Amino acid sequence: MLLLGCIKEVTDYELAVSLPNGLSGFVPVTQISDAYSKLLTKQVAQGELLEELNSLPDIFSPGTLVRCIVTSIEKRDDGSRSVKLSIDPKKVNRGLSSTALAVGMLLSGSVVSVEDHGYLIDIGVTGTHAFLPHQKAKNYIKAVKKGSDLKIGQNLNCLIVEVKNEGRVVCLSIDRSEVAASIATERQNWALSNLLPGLVVKARVQKVDPLGMKVIFLSYFTGIVDFMHMDPEKSMSYSPDQVVKACVLSVHPTSRAVRLTLRPPFLHAGGAPRQLSGQRLGAVLEEATVKAFYKQFGAVFELDDGTLAFARLKHLSKTRKSFKPGAFKEGCKHKCRIIDYSLMDEMCIVSLKHQIIEAQFLQYQDIHSGDVVQGKVLSLKPIGMKVKVAHGIRGLVPSLHLSDVILKQPEKKYNIGDEVKCRVLECNPGGKKLILTLKKSLIQSKLPVLSNYEDAKPGLITHGFVVCAREFGCIVKFYNDVKGLVPKNELGSEPISCPDKVFYEGQVLKVMVLKCEPEQERLLLSFRLSSKPGPEDKWKSTPKEKQKVKYQIGEVVDVKILKKKDNGLEVSILEDEDNVVGWIPTLHLSDFVATSKLLWHCLQEGDVLPRVMYLSDKGERIILSRKSAVISAVQEEQIVRSFSEIQPGMLLTGYVRNVMPFGVFVEFPFGVTGLAPKVSMSDKFVTDTKDHFVVGQTVIAKVMSIDEEKQRVLLNLKVSECSSGDSAAESFALLYQYFKELKEIRNLLRRGEPSIYELVPGKRVHLVVQDVREDGSALFSSSSVTGLTVTATRYHLGDKNIAPGEKRKAFVLHVDAITSKVYVSLREELLKQRPKRVSMHSVFEFVSFCLS
């Protein structure tokens, strides 16, 4: 099928073409002409740019009319169809032969080469050589301002001015005045097999009806002018036998259907239709008036500025069942949104669908780097995931960005059709390129988005991801392809000899800008976020003020235990010339209360604790915390620094400060406190608040409401309300942290109390009865349990009568490292079975696998 189209957009790889009746198509770079394709092949083979090969934007401009032929119609992943076109003269003019060529014919041609006196033109007719003299091109070149010469592959609207040797040689003209004045006549012997779109003809009206009119042209051709292509100012005045000027829009040789237009810009060859202002596209109009309704096609509307718009039938309602024809009588008003502009119909395309009117994005130009968008998974390939963001907008999530960790089998986590939340890394509207990330740490980051070098001011802290780790340091990338270098001496507070063993590709980290040179696009970064006070500040500060200035809330340090006290640890901050002393309360050693007590029991004076966070400065002491969840919340900026930042619906990580009969007080980093009333504490009915929470417990709380006047915050601690959405990942993360800390405790126990380390539930041990108590329980001793109290209750002695001094085989039930007590059983049913004991290492590895 042959069509007349108008170029909408030009990229390096294709032309986007507007077709009649609101359709669109695409011309790939390989479908321009034979000469252009040969240059492309040569350039690829040589691997270097060719001077004579110009890019598509250099030789094509939006608004230019072109003759096209449909080469294929492909189905996209989302079910829509893509129309592939060609403007190659050999395909467009394939119906013409040398003997059919005549003076006055208008056809498509493409520049093959530049000669001394003109240009060789490919008109796609076998056995014919076409020549365009410089004199006949001079006027056109001056008007289009594309340089001093025509370029190879440039598509032209050519008029035959001379035919020689029975069509074997023709002379052409592209002079704009000559082309504009040309009209196809019967003397040129056009046939249905070679009739071309773009020809201007004189036609006689045969029949007029509401959907358009039937016309006769070139003596015996019959064509249709549909309602969208009548002259808007004369649409009601056409009558049978009236002679009108028309332009051929499309030719379908198989069905013998020819469609024409009577719109003024097409009535002189080489004309250009008017374009819509870019500001108008995407506009929502509260009232558009129905001008006409066509039950098989759609409706024509008059917009607020008097222009006409068309809505296809499928865009008049949400579904076919909900469509009501009565709502589209002439004069009815509707809310709509301009979703496109058809250059070939000179008409806006609108939609009345609610989801389109409310849509956040309609075109690539609406999307910016750093935007958080919802998408639907279209496909999973080795290169990454293809995501549909909106109608006509698709993006790619590279495999590196499918998760915070590298996924070896992404198909196990994502399925086709899944809804996913992404963040835009890069958007290039011209190339319709959209790069997205699914890394949760980037999506949830509240830090500034660094998308150009001009914004990279020294001291700026933001999130980036590692793209390269080498002996010289790390290269970190941000949004819009902005990247910088973290040199080796800025990778951490401690020297790192092998960065590639510490950092990995895709790892998301906080970085601070040290220096930026925007003109050279050079960026120097650091992973060391804390800055030491300058020498001029030190002498002004008292010791207490010095500590406040030196360490800020959220700063992570390494500490050494100076003294163990009943309720915590007194520590000194390492690598601090002033020997600053801090305090870690026992309940801040871990997110888990039981683990906190175990850690306190196992730790010794002189031990070093890494990654401890400065929490607050109360009285004369710096308070530090080792709660992993709290540290992560501060580092990910999922916190509030003051009451004014709190908003209802926020999910905040904190710790229980006090448990009262009426509710629980929760404290957050930076000192903000809120109350979870009794009714909002648990999904279960709460009788006694102390049965549900203990002081020091780490919690995630949801902000219910705030009272600005009284500075009060009401919280919700129900598990069903406090999940961020990915509950499985959250649960595995907690398990991972729990087993990691248990592993640490076991290593600590190994050095101090090896007998406890060796005893694990399920182990069988040989014991000697030491004593039988009055309550029926028994005490045991053995060389393998030196220093431990080993007991068995009366129930776990079974039906055995034991006496002091007897040797017995026992089954370990539980080991309490804090009290140094071991509970065992002598029951035969436990001793006989062969339980499959899972080691701590196996569990740790399993949880690590699930998290990855």
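# Strands, barrels and salt bridges

K702 counts as partly exposed, at 26% relative accessibility; buried means under 20% relative accessible area, exposed over 50%, and partly exposed in between, with a 1.4 Å probe and protein chains only. The model is predicted: local features need pLDDT of at least 70, side-chain atom pairs count only at pLDDT 80 or more, and totals for chains, interfaces and linings use all residues. Residues are numbered from 1 along each chain as its sequence is written, and side-chain values use heavy atoms, with hydrogens and water left out.

K702 forms a salt bridge with E721, the closest N and O atoms being 3.6 Å apart. A salt bridge here is a side-chain nitrogen of Lys or Arg within 4 Å of a carboxyl oxygen of Asp or Glu. The pair links distant parts of the chain, 19 residues apart: K702 sits in strand β39 (residues 698–707), and E721 in the loop between β40 (712–716) and α13 (727–752). Helices (H or I, at least four residues) and strands (E, at least two) are DSSP runs, numbered from the N terminus. E721 is partly exposed, with a relative accessible area of 36%.

Elsewhere, salt bridges that share partners join D34, K90 and D122 into one network. The structure holds 23 salt bridges. One of them is between D122 and K90, with the closest N and O atoms 3.5 Å apart. D122 lies in strand β7 and K90 in helix α3 (residues 89–92), so this pair ties together parts that are 32 residues apart in sequence. D122 is buried, its relative accessible area being 11%, whereas K90 counts as partly exposed at 41% relative accessibility. A further salt bridge joins the side chains of R641 and E637, at 3.2 Å from N to O. Here E637 is buried, with a relative accessible area of 18%, while R641 is partly exposed at 38%.

Strands of a sheet pair through backbone hydrogen bonds, either parallel or antiparallel. Two strands count as paired if DSSP finds at least two bridges between them.

G118 stands opposite P133 in β8, and Y119 stands opposite L132 in β8. The hairpin of β7 and β8 has six residues between the strands, and in this hairpin G124 takes a positive phi near 75 degrees. Strand β8 also runs parallel to strand β10 (residues 169–173), joined by three bridges. V169 in β10 is the bridge partner of H129.

Another closed barrel of five strands runs β41-β42-β43-β45-β44, again with mixed pairing. Its twist averages 50 degrees from one strand to the next. Strand β41 (residues 764–772) and strand β44 (residues 807–816) run antiparallel and are joined by five bridges. R764 stands opposite F811 in β44.

For the chain as a whole, there are 16 helices and 45 strands. The radius of gyration is 39 Å, well over the 29 Å that the globule rule gives for 852 residues, so the protein chain is more spread out than a compact globule. That radius is taken over C-alpha atoms, and the globule rule is 2.2 Å times the number of residues to the power 0.38. The C-alpha trace spans about 125 × 65 × 60 Å along its principal axes.

Buried residues make up 47% of the 852 residues. The protein chain exposes about 43700 Å², of which carbon and sulfur atoms supply 52%; accessible areas come from the Shrake-Rupley method with a 1.4 Å probe, and for residues only the protein chains shown count as cover. Among contacts (heavy atoms within 4.5 Å) between residues at least 6 apart in sequence, 59% join residues at least 24 apart.

How values were computed
Axes are lines fitted to C-alpha atoms, for helices over the stretch in contact, and angles run from 0 to 180 degrees between N-to-C directions.
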